[in-house]
Amino acid sequence: MSDDYLVRIGKLIRDARQHRGWTQAQLAEALNTSQSAVNRIERGNQNISLEMIARIGEALDSEIVSLGYAGPMHLRVVGGRRLSGAIDVKTSKNACVALLCASLLNKGRTVLRRVARIEEVYRLLEVLNSIGVRTRWINDGVDLEIVPPAELDLASIDADAARRTRSIIMFLGPLLHRLDRFMLPYAGGCDLGTRTVEPHMIALRRFGLDIAATEGQYHAVVDRSVAPGRPIVLTERGDTVTENALLAAARHDGTTVIRNASSNYMVQDLCFFLEALGVKVDGIGTTTLTVHGVPTIDADVDYSPSEDPVEAMSLVAAAVVTESELTVRRVPIEFLEIELAVLEEMGLDHDRTPEYFADNGRTRLVDLTVRPSKLEAPIDKIHPMPFPGLNIDNVPFFAAIAAVAQGQTLIHDWVYDNRAIYLTDLNRLGGRLQLLDPHRVLVEGPTRWRAAEMMCPPALRPAVVVLLAMMAAEGTSVLRNVYVINRGYEDLAERLNSIGAQIEIFRDI
């Protein structure tokens, strides 16, 4: 390997480590090597094998070098271009991963329509395949067929794939019905600070699941004599916590009441899917769900998850930040009404079509046209609330929107420890964001965006926000190491190019 490549690889490793917030000593400990060795690698002064590069990438959850993989590594963005035309919203990423986990409840064949082809889905498919589930893309790669085995082979689980997705935690609910003892690797995913799994444990304990977390594994033991005798009150109104409780209740032979449940979009899609499996769920869309479980599910089911409101919000934000007129089609309006109300108060010029139903026959959609607008900072702070409040995953997009509005906007992301910090990456592109504490950022607008080269933030939504700002900035920007974007968006660069963006996918090596 040439000295030039060693230096370039070393710089990529250093940038990825710094963006993760790790010291050289922390990376050395993860690799079981010395800090001096890490220092030599980052300076390009040490030969490094492909195996070591792969280990470093896994430790940092960052794709350092891509070999034999068709996905993008970096994006080169020519900014200052107006978007135009229309673009369709893809199916919900979070619904798709929940439905993949829910397929483990079913002994029959599951077909999911228009599944998002994203890295998060690919990681879950790798895990499912490793434990014996047969999956294949059908209908020209648009739909996904899932056929479970008679017995799951948890001993052969792909631990590397499992650790790269937080969604693996939603295997707990289905697996407790199939196995008396099992192990799962720790959940991974975005770097958003400490996100406790204790609410999951509290809820699932009511179904007899006892978990000890040691040596990077969840060790699960199921006591079949335990069943929920009274309503389960979730200690956190979280989406995945609610989904795990639903998955556990679906095959509990009896009625389970779940209180303080999330009623968010992916939870509703999961409830609709469970009903297709023959599980009756009362209270869909409310914070109290009553699940009439069935002990055995053996059905050939065909289901179409609804569109993704967070992707819809990101496309609306793209139009706002680039001062474009754009039509975003198939927007799940029920899950964007608060966001649009805030944008209307800020002065957004837009209109929408009459409502129509998604392919699941339940979710309400509209086509939304956004026009260039003179925005004013909102009087109140931007902060998330459980549905039907402003979606936590849509908060970062308001950082870019507030940056083009006149005045000061306070954004309070009280849920995640690190995400407000990542939003200050917009300052590299000309933004004026002041970090008040790990949860609050003050945005001053309007902004004269400027091009820059930078590493992709290690969290999905802030990474897309940086990309949108690059699209608005005159000149050429480079966003490096975009694996995290591919976790949640399918062909985002190509789709943005179809409406007027100029984004090139490339790799250094």
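Which residues of helix 9 (residues 198-205) are buried? They are Pro199, His200, Met201, Ala203 and Leu204.

## Basis of the model

This is a predicted model: local features need pLDDT of at least 70, side-chain atom pairs count only at pLDDT 80 or more, and totals for chains, interfaces and linings use all residues. Residues are numbered from 1 along each chain as its sequence is written, and side-chain values use heavy atoms, with hydrogens and water left out.

Helices (H or I, at least four residues) and strands (E, at least two) are DSSP runs, numbered from the N terminus. Buried means under 20% relative accessible area, exposed over 50%, and partly exposed in between (1.4 Å probe, protein chains only).

Contact means heavy atoms within 4.5 Å.

## The 9-10-12-11 sheet

An open sheet is built from 4 strands in the order 9-10-12-11, with mixed pairing. Its edge strands, strand 9 and strand 11 (280-282), each pair on one side only. Two strands pair if DSSP finds at least two bridges between them. Strand 11 and strand 12 (residues 288-292) run antiparallel and are joined by 3 bridges. Lys280 stands opposite His292 of strand 12.

Helix 10 lies across strand 10 (255-259) and strand 12. Its angle to strand 12 is about 25 degrees. Axes are lines fitted to C-alpha atoms, for helices over the stretch in contact, and angles run from 0 to 180 degrees between N-to-C directions.

## Strand 14 and Arg330

Strand 14 (residues 326-332) is mostly covered, with 5 of its 7 residues buried. Strand 2 (residues 86-88) pairs with strand 14 in the parallel sense over 3 bridges. There, Asp88 has Arg329 as its bridge partner. Strand 17 pairs with strand 14 in the antiparallel sense over 5 bridges. Pro332 is bridged to Leu365 of strand 17.

Arg330 lies in strand 14. Its phi is positive, about 65 degrees, although Arg330 is not a glycine. Arg330 counts as buried because its relative accessibility is 19%. A salt bridge joins Arg330 to Asp359, with the closest N and O atoms 3.7 Å apart. That pair links distant parts of the chain: Asp359 sits in the loop between strand 16 (356-357) and strand 17, 29 residues from Arg330. Asp359 is partly exposed, at 48% relative accessibility. Arg330 and Asp359 also belong to a salt-bridge network with Arg114 and Glu307.

## Other salt bridges

The structure holds 28 salt bridges. A salt bridge is a side-chain nitrogen of Lys or Arg within 4 Å of a carboxyl oxygen of Asp or Glu.

Asp143 and Arg113 form one, with the closest N and O atoms 2.6 Å apart. The two are 30 residues apart: Asp143 is in strand 5 (residues 143-147), and Arg113 is in the loop between strand 3 (110-112) and helix 6 (119-130). Asp143 is buried at 6% relative accessible area, whereas Arg113 is partly exposed at 23%. Another joins Arg495 to Glu311 at 2.8 Å, N to O. This pair spans 184 residues, from Glu311 in helix 12 (residues 309-321) to Arg495 in helix 18 (residues 492-497). Both Arg495 and Glu311 are buried.

## Backbone exceptions

Most residues other than glycine have a negative phi, and most peptide bonds are trans. Asn481 has a positive phi near 65 degrees. Asn481 lies in the loop between strand 22 (475-480) and helix 17, and is buried at 8% relative accessibility.

Two peptide bonds are cis. Phe387 to Pro388 has omega near 15 degrees, and Gly445 to Pro446 has omega near 0 degrees. Pro388 lies in the loop between strand 17 (364-371) and helix 14 (395-403). Pro446 is in the loop between strand 20 (440-445) and strand 21 (453-455).

## Gly488

Gly488 lies in helix 17 (residues 483-488). Gly488 counts as buried, at 6% relative accessibility. Beyond its neighbours within four places in sequence, Gly488 is in contact with Lys93, Ile118 and Leu460. Gly488 and Ile118 are 370 residues apart in sequence, yet their C-alpha atoms are 5.9 Å apart.
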